[in-house]
Amino acid sequence: MFTVYVASEEGLRKRVVGAVKNIPGAILNGSSIELRQALEECAAENPGVLLIDDTLLTQNVGLYEQIAGISYPVILIASPTDAGAARRALSIKAKDFISSDTWEQDLGAILSRTATHLEGEVHRDGRVIVVFSSKGGVGKTTLSVNLGIALAKASRQPVAILDLDIQFGDVAPMVGDAPLVTLYDLIKGKKHVDQEMVKRALKRVANNVYILAAPNNPEEADDIRADHVIQILQLLREIHGYVIVDTAPGYTDINVAAFDFSDTILTVCTPDVITLRTVGQALQVFYDGFHYSHDKVRIVLNRSGSKTGVETVDIAQVLESPVSYQLPSDGAYPVRAANEGAPLINQFPDSLLSRSIQHMAGDLVQETEGRQRSASKQPLKISFLTRFKRKPQ
Ligand SMILES: Nc1ncnc2c1ncn2[C@@H]1O[C@H](COP(=O)(O)OP(=O)(O)OP(=O)(O)O)[C@@H](O)[C@H]1O
Ligand SMILES: [Mg+2]
């Protein structure tokens, strides 16, 4: 398994990106039509291999020295009849050379041979974090998207965000993306999905951050089953350090499947009596019905500090659990970012909420790296559906 970054002029970029997605073991790290941007992104992501189109190289003579000094392998894709291409390949210390005439046949073998493979570094056991609430509109999607980006930065590992709000999911619009492929396309007519299918359905939305978007039409949600969710989460966990699952309120089969599968459930509440009442009921189901630990189910207080008359200490008392994370009200910034189709944390990195989410991500990364992965990694002992149905009250 290895990651690939593609820097190429637009026509070739599209074709190479499409081809990379079909190469077994290759994960597309990113792509750009600007060489300078590609180098900046690669500095953050450290791809297994960087593929550079010679056309971009000829337009950026000033960057040769910088490219020659980078630590990951670089491959040049160039015309074999261009005498200058070999000289340029030498100047940038390219590890290999692909002919622009025959690249389609050669790409897989050359990438696989030259790239630094992730073996031993692959996160076959990424941490699955579900973001849930019994209430709508409390900030689940805002947290999912921005926590995903913050985790990717803090951990320097790939992060997937799965939108399980299957009827009205809005992870994709929140990152300004209209995905061509959704969760519905991934599972449509299939009993089993595999790693290659999942990789094709993922859309890169930021450095090391990939989303699997909710269906485009609410009717398509009917076809998504709990066993699909389990399969997809397992596959996502194998190639990402963290998997964030955004959800809709409710104990639906697919939500329960995700809860069971997850390592951590962030239960979001806001400081108002109505939300607290339903969150209290939800926690009871988690702790008493499903027997999840207090370490697995954690309370996130969003819009903390809002002058609602309900204090954080009261909340912890009412919920009989500590508040693990507090996220402040951030005025109009989250709405402005969403309206601009850009994640808050990228658009307003110094806003109160962005900083709190970055802090939260730092804590989660430290905790993940520091501790032995716990019981939730063991096979599910009780069928999640059976257990759920035993708890009708
Ligand atoms: N801490 C915050 N400060 C200010 N605005 C916030 C904050 N958190 C969320 N918002 C805003 O609240 C609204 C609801 O947020 P979001 O869509 O993330 O909630 P949700 O729980 O996912 O909602 P739904 O149940 O509809 O999916 C959005 O307009 C978002 O920008
Ligand atoms: Mg939402």
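In this predicted model, the shell around ligand 1 is made up of five nonpolar, eight polar and four charged residues. Of the 17 residues around the ligand, Gly137, Lys140, Thr141, Thr142 and Asp330 come nearest. Three elements, α7 (140-155), β12 (297-304) and α15 (333-339), each contribute at least two residues to the shell. The largest share, three residues, is supplied by α7.

For valine 138, a backbone N or O atom is 3.0 Å from an oxygen atom of ligand 1. For glycine 139, a polar backbone atom is 2.9 Å from an oxygen atom of the ligand. In the case of lysine 140, the atom involved belongs to the side chain, and this polar atom is placed 2.8 Å from a ligand oxygen. Ligand 1 taken alone exposes 640 Å², and 81% of that area is buried by the protein.

Serine 351 is located in the loop between α16 (344-347) and α17 (352-370). With a relative accessibility of 6%, serine 351 counts as buried, because the limit for that class is under 20%. When residues up to four places away in sequence are not counted, serine 351 touches Asp330, Tyr333 and Leu344.

At the level of the whole chain, the secondary structure amounts to 18 helices and 13 strands. The radius of gyration is 23 Å, close to the 21 Å given by the globule rule for 393 residues, so the chain is as compact as a globular protein of that length. Along the principal axes, the C-alpha atoms fill a box of roughly 75 × 45 × 40 Å. Buried residues account for 54% of the 393 residues. The accessible surface of the chain is about 17400 Å², and carbon and sulfur atoms hold 51% of this surface. Among contacts between residues at least 6 apart in sequence, 74% link residues at least 24 apart.

Helix α12 (residues 253-261) is largely enclosed by the rest of the structure, because eight of its nine residues are buried. The buried residues of α12 are Ile254, Asn255, Val256, Ala257, Ala258, Phe259, Asp260 and Phe261. In helix α2 (residues 35-45), the buried residues are Leu35, Ala38, Leu39, Glu41, Cys42 and Glu45. These buried residues of α2 pack against strands β1 (2-7), β2 (26-32), β3 (49-53) and β8 (203-206), and against helices α3 (54-58) and α4 (64-68).

Positive phi values were found at several positions. Most residues other than glycine have a negative phi. Asparagine 46, which follows α2, has a positive phi near 50°. Arginine 156 has a positive phi near 55° and lies in the loop between α7 and β7 (159-163). Arginine 156 is exposed, its relative accessible area being 54%, as the exposed class begins over 50%. A positive phi near 55° also occurs at glutamate 320. This residue is placed in the loop between α14 (312-319) and β13 (323-328). Glutamate 320 is likewise exposed, with a relative accessible area of 67%.

A further loop position, proline 179, is found between α8 (171-174) and α9 (183-187). Proline 179 counts as buried at a relative accessibility of 14%. Its contacts, not counting residues up to four places away in sequence, are with Ala172, Ala213 and Asn216. The C-alpha atoms of proline 179 and leucine 266 are 26 Å apart in space, and the two residues are separated by 87 residues in sequence.

Key. Residues numbered from 1 in each chain as written. Chains lettered and ligands numbered in written order. Predicted model: local features only at pLDDT ≥ 70, side-chain atom pairs only at ≥ 80, totals over all residues. Heavy atoms only, no water. Buried < 20%, exposed > 50% of the residue type's maximum accessible area, 1.4 Å probe, protein only. Helix = DSSP H or I, 4+ residues; strand = E, 2+ residues; numbered from the N terminus. Contact = heavy atoms within 4.5 Å. Near = heavy atom within 4 Å. Polar contact = N/O pair within 3.5 Å; in protein donor to acceptor, adjacent residues only side chain to side chain. Areas by Shrake-Rupley, 256 points an atom, 1.4 Å probe, with all protein chains shown as cover. Nonpolar A, V, L, I, M, F, W, Y, C, P; charged D, E, K, R; others polar. Rg over C-alpha atoms; globule rule 2.2 N^0.38 Å.
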